Structure formats: structure tokens, C-alpha cells
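Hi,

Here is the model I promised to pass on.

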Amino acid sequence: MDKFIKLEGLVAPLDRANVDTDAIIPKQFLKSIKRSGFGPNAFDEWRYLDQGAPGQDSAKRVKNPDFVLNQERYQGASILLARSNFGCGSSREHAPWALHDFGFRAIIGESFADIFFNNCFKNGLLPIVLPKAEIDALFGLTEHSPGYRLTVDLPSQLVVRPDGYAIHFEVDAFRKECMLNGWDDIGLTLRHAEKIREFEARRRTEQPWLFA
Amino acid sequence: MSKTLYEKLWNSHVVHVEEDGTALLYIDRHLVHEVTSPQAFEGLKLANRKPWRISSIVATADHNTPTSHWELGIQDPISRQQVETLDANIREVGALAYFPFKDRRQGIVHVVGPENGATLPGMTVVCGDSHTSTHGAFACLAHGIGTSEVEHVLATQCLLQKKSKTMLVRVEGIVGSGVTAKDIVLALIGRIGTAGGNGYAIEFGGSAIRALSMEGRMTVCNMAIEAGARVGFVAADETTIAYLKGRSFAPKGDDWDKAVAYWRTLVSDPDARFDAVIEMDARQVVPQVTWGTSPEMVTGIDGEVPAPEDFKDPVKSEGVTRALQYMGLTPRTRIDAIKIDKVFIGSCTNSRIEDLRAAAVVARGRKVAANVKLALVVPGSGLIKEQAEAEGLDKIFIAAGFDWRQPGCSMCLAMNDDRLEPGERCASTSNRNFEGRQGAGGRTHLVSPAMAAAAAIAGRFADVRDLL
């Protein structure tokens, strides 16, 4: 996993609540057995006017001019501004894979669905929860200031606006360490292999039917 | 100190805790399907790691499998490749049980686990699928996980997880005739919203929940995720124990007695404290129908489509405008005036024998309306299909004009050939009415199996209570 320390980038707004993972990456693209290549199909049904299918050359498809992420001013954005319950629905990790592949490295929203939130951390995509008032202000600033950029500083847990106003955000200490160092969870967990084996041996004695 | 069931389940699986409270939870059962596992198996191989405990794995192919013309195999080459990749991975690493495409016991992973007794009270269960919450019906701690976590569980037999807050949803009273588990959970989601359970583990309790069969409890827990909760569960009781007795992977002999004694402790202590409590009156619940593109956009069959101005929050109001436009609905339309094009009875929410029986009661001796192009009945597993056929349910459905299919996830998410065409409207017993969920441009209305059958017969949404 890539390290995440500090990010300065263009902000793109997606002003709707309950954006689900079916919308982020529709089911027909889940048939892939790879982790990469989902970016061209992120938000496929909103982003293109035709029906998407695996294996198409997306560069040749007709884009929906009404979809916000298709606007010229948001090209190259690395920070997605979202509303509440972003990433709800299916557990598909293809959703963070698609957003990361699209170019996003951080998502700032009012709230996130639990599984999606968790999946983001495994892929170097930082989900940040801010209070509604701050989110409302950021939507306004993004809309009215073309080229609006933010700085996300993970070590100090701050989102910093161009006017210098800094907003603190919470992040679990363990997840923060993993993101800062680009650590592989599995390697970390296997440091406790002996403890896992002991736990398992005790469980096998106490509830043998679980090990039949 | 008195404990909630969540705390009991949590405490009995903690292997290690980090300073910030992130815990390593030991995983008893790992359910695997073809869509979210290939990258995990590949990752394992690339890192030269081996699965920690293969006897924890139960696997089946369900999302991509066709529901008709099995003799032709899987026609879509990329669907076939995904299913064959699962075949190859399980062949290589092994499993407690694998139910491949066309196996007699193949079916939807959340149906197959419980019906074979592979889901047992007190277990931690994971699966790379958000509807893993279903297994909570057995007093399990059942988490839906992402693919990185699938790989993590394969490699370490543990899940990294922070403790959730606890919510008790207490449903008291007796539901009316024609009102089902699906209606209870849809009414709950309508009340607390799809983010209402975010950060919570939901325990479903109260007399109306205790009165449900295991099938009904699975329906309720299945949709905990639609209320925003990653896990939902019901305390173990005699219904749980009776369901499990004699199932393939359930304990036998002395182990059975020991297990049952332990299972009886899997309840919240009487004075246990929850972080939130929601009270519902079962008698007030009427058959539910969703009208929008989120499960919280729901009302009773006696209701009408709302207007955007009914909602004060501008983001919500705009969401309703967008939903009505997508759904092709006008505010103040009576729900029972909405005509449908297709019907889908199936999915991990509602494809079990009780669901099929409830739909068959309505379909018996009646005909699917002429305006309904397709009415699918997709049993949750091969075993359910066999049982339904032994009871003659297939004949009732076929005589009424329904299609009787092979098991799988089917039109719940349309990864196989069963799908809606743009603009088509469907009465569906599945769990998500998101835009495009059942096919690009398709319009989904979530209902119970009995209500789906009633809609098929009437050609529009109809109150099943008038047909019983």
C-alpha cells in the first residue's frame, strides 16, 4: 500500500447523500479477477450516456455533460467532497479501488458507511469525517472558487483551506500509523501469530464442535 | 456485570487489543464466493502465504451463476472465468465444504451456510459480502468484509475490528396477517434511515422477533446493513436450537449437548445497557413498498409517493427529486396504483422455503397479470429447490405463470443474465433499490415475497391482506 502523509490537491464535489457502492462501480465490472483498472468505470452509469460493459474502450464513450466529475474544472481532482453515508450498500472493495484508480486519494464527507470506510484505509485512500457545517462551507467554497484546493495533513490530522483555516479530524491511532507507513495489515497481525495459535488451541478444547 | 449479547460475542473472540482499542478477533467461519475472493487468493499467493485454517472455509458460487439452461454452462466468458477461478482456488487450498456451480447443495452463500449447519451460535462469521449480517440470526457476530480483509482472514484467521456501539431494536406485539419479517425491517429502515445504524451493532429483540422463524430472523438481520449496521443479530433460543438439530455441520452426540448448553447463554443479560434503544410496535406495521432509490424511501401499501417538499433537509429533498425522476413517479401517486413490468422472488433476503411458501399461498389458483413480462422465482439453494418441489410449490408457480429457476443471486444484482431493461419496473424481494442495481435504468421496489406475488397477480402493487 502507498504511504499517505500529506496531500495537496484539487477538490471535486459530489453533492448527494447515500452514494452507494453500486453507483461507484456497477456490478458488471465486478467480474474482473484483478484489483486494478476500475478507474475508467468509476460512477459509470452517471458518467457516461451509454451502457457500460467490461472490456470497452471508455475513452471512446460519450460522457454525460451533466455529471459533475465530467466538468473541465474538476479534472485531475484528488480530493472528493461528499455528503452523508457515502459508500453505503455492497461491501465491494472494487469501490475504493475504482476511486483510487480514478485519482482520488482522500474523501471528505459528513459520514461514511462502515465497510466502505474500512476498505478505504486498506488502499491508501483516506476517508475524513467533518461536521456538517464545515462540509456545507466546503461545498460553497468549491463551487464558487474555480480550482479550489485543500491540504490534508495526516500527521497533524488537519484539513487546511487556502485561507489558512484548519479543520481537525479524528482518525484511529492504529489506522493512522498504517496509512503513514503504508503498512500491510497481514504482516502486522502475523507478529501475533503465537497469540492466535494459543487462542485457537484453547477454543478447540472448549468448543471442539467449531473445529469438526 | 451484566453484558449485552454483543459484548459476550466480542469478548469471547478477542485475541489481542491495540492501544487505541482496535482488536484482533478470531474468526470461526469464513464463507467465500467467487466475486470478492479472487484478488484475495492472488494476494496470498503473491506474498507466499498459506491459509491459516482451511476447515473454517465454506465456499460456493452464487453471484454469476445462471438460473436457467444449466446444460449450457456459464455462457458469459468473464463470469465463467470468475467461477472457474474460485474452483481452482478452492481446489488448491481446500475447504471444509465447497458447493460449486451445479452441485446439489449450491446456492446463495447466506442461504447455504445456515441450512447446512455451518453457521452456529456463538461463532464469528465473515464473508466478502455485506449481507453477511444475515448469519446474526443465529446469535453470531457476522461481519461483511472487503477483499483485503478476506485476504487478512485467510492469512491470519483474524479480523481487525473496533468495537461498535450497541443498539437494541425491540419489536413488541404480534404482526397482522400478511405482514412479514421483511415488512418489519423495511419499516425500521424507513424510521431510522439507511445511516441510522452506522457505527452500531444491532440486536433485534422483543416478542415480535422471538415469534419469527429462523428464516424470518435471517431476513431481518440480512437488512441490518441497509440500516447502516455492519452486524445485526438475534439472541439464541429454542427456535435457533430446533432449526440446527440434525443439520450436516451441526455438532452431534455429546458435543451437541455441550453446544446447546453454551448456546443458551447467548442472550443479553436482563439489565444489560445499550447505547441506543429503538422501540417498535409490530401491530402498527403494514406491508411495505419502497418508492425510491434507497431502502429508507419506503411506505405502506396504503400510502402514496411523497413530494420533495415534504422533506425539510435540502440534501434529502433533492435526493427525493432525483429518486422520483429516476423511478418515473409523480408525487401523491397511490402506491397501489403503480404498475409493474417484472417480479423477482429470490435473493439472500427472501429465497428460503418459508418465503416461497408465502408467495405460493398468494399465487395458488391465480394468474400472473398480462402486463407482467416476467415473474421469476429463484430459490436460494438447490436444497430449497428440492424441498419446494417436494411440496409442489413449483407446480403452483408454473401454473400461475411464474418462471421456476435454478438457485443463485440472480436479479438481486443482475450479474448473470437475469436483469431489468432500462425503464422497467420490478416488484422485488431483494434488499437494494439503488439506481441500476437490477440492471442499468431498472426501477426496483422492495417488498416481501407475499407482496411480490400479489403484485404479480394484480399487475400493480396490491395489498396482500386482501388476497389471503
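Of the 212 residues in chain A, 59% count as buried (buried means under 20% relative accessible area, exposed over 50% and partly exposed in between, with a 1.4 Å probe and protein chains only). Before the rest, some housekeeping: this is a predicted model, where local features need pLDDT of at least 70 and side-chain atom pairs count only at pLDDT 80 or more, while totals for chains, interfaces and linings use all residues. Residues are numbered from 1 along each chain as its sequence is written, chains are lettered from A and ligands numbered from 1 in the order in which they are written, and side-chain values use heavy atoms, with hydrogens and water left out.

**Chain A overall**

Chain A has eight helices and seven strands (DSSP runs numbered from the N terminus: H or I of at least four residues for helices, E of at least two for strands). Its C-alpha atoms fill a box of roughly 65 × 45 × 25 Å along the principal axes. Among the contacts in chain A between residues at least 6 apart in sequence, 65% join residues at least 24 apart; contact means heavy atoms within 4.5 Å.

A:Ala212 lies in the segment after helix H8 (193–206) of chain A and is exposed, with a relative accessible area of 71%. Its C-alpha atom is separated by 50 Å from that of A:Leu158, 54 residues away along the chain.

**Aromatic rings**

Over all chains, a search of the whole structure finds 18 aromatic pairs. Rings of Phe, Tyr and Trp (its six-membered ring) pair if their centres lie within 6.5 Å; planes under 30 degrees apart count as stacked, over 60 as edge-to-face and the rest as tilted. A:Phe38 and A:Trp97 are stacked, because their ring centres are 6.0 Å apart and their planes are at 25°. This pair links distant parts of the chain, 59 residues apart: A:Phe38 is in the loop between helices H1 (21–24) and H2 (44–47) of chain A, and A:Trp97 is in helix H3 (residues 94–102) of chain A. Both A:Phe38 and A:Trp97 are buried.

A:Phe43 and A:Trp46 also form a stacked pair, with centres 5.9 Å apart and planes at 10°. A:Phe43 is buried at 0% relative accessibility, and A:Trp46 is buried at 12%. The charged end of A:Arg16 sits over the ring of A:Trp46, 3.8 Å from its centre (NZ of Lys or CZ of Arg within 6 Å of the ring centre and within 35 degrees of the ring normal). In chain B, B:Arg247 lies over the face of B:Tyr243, at 3.7 Å from the ring centre.

One aromatic cluster is formed by A:Phe86, A:Phe112, A:Phe116, A:Phe117 and A:Phe121.

**Helices in chain B**

Which residues of H12(B) meet H13(B)? They are B:Ile353, B:Leu356 and B:Arg357, which meet B:Ile384, B:Gln387 and B:Ala388 in H13(B).

In helix H15 (residues 449–458) of chain B, nine of the ten residues are buried, among them B:Pro449, B:Met451 and B:Ile457. What covers the buried residues of H15(B) includes strands E13 (288–290), E15 (342–345) and E18 (425–428) of chain B, along with H12. After H15(B) comes B:Gly459, whose phi is positive, near 80°.

Happy browsing!
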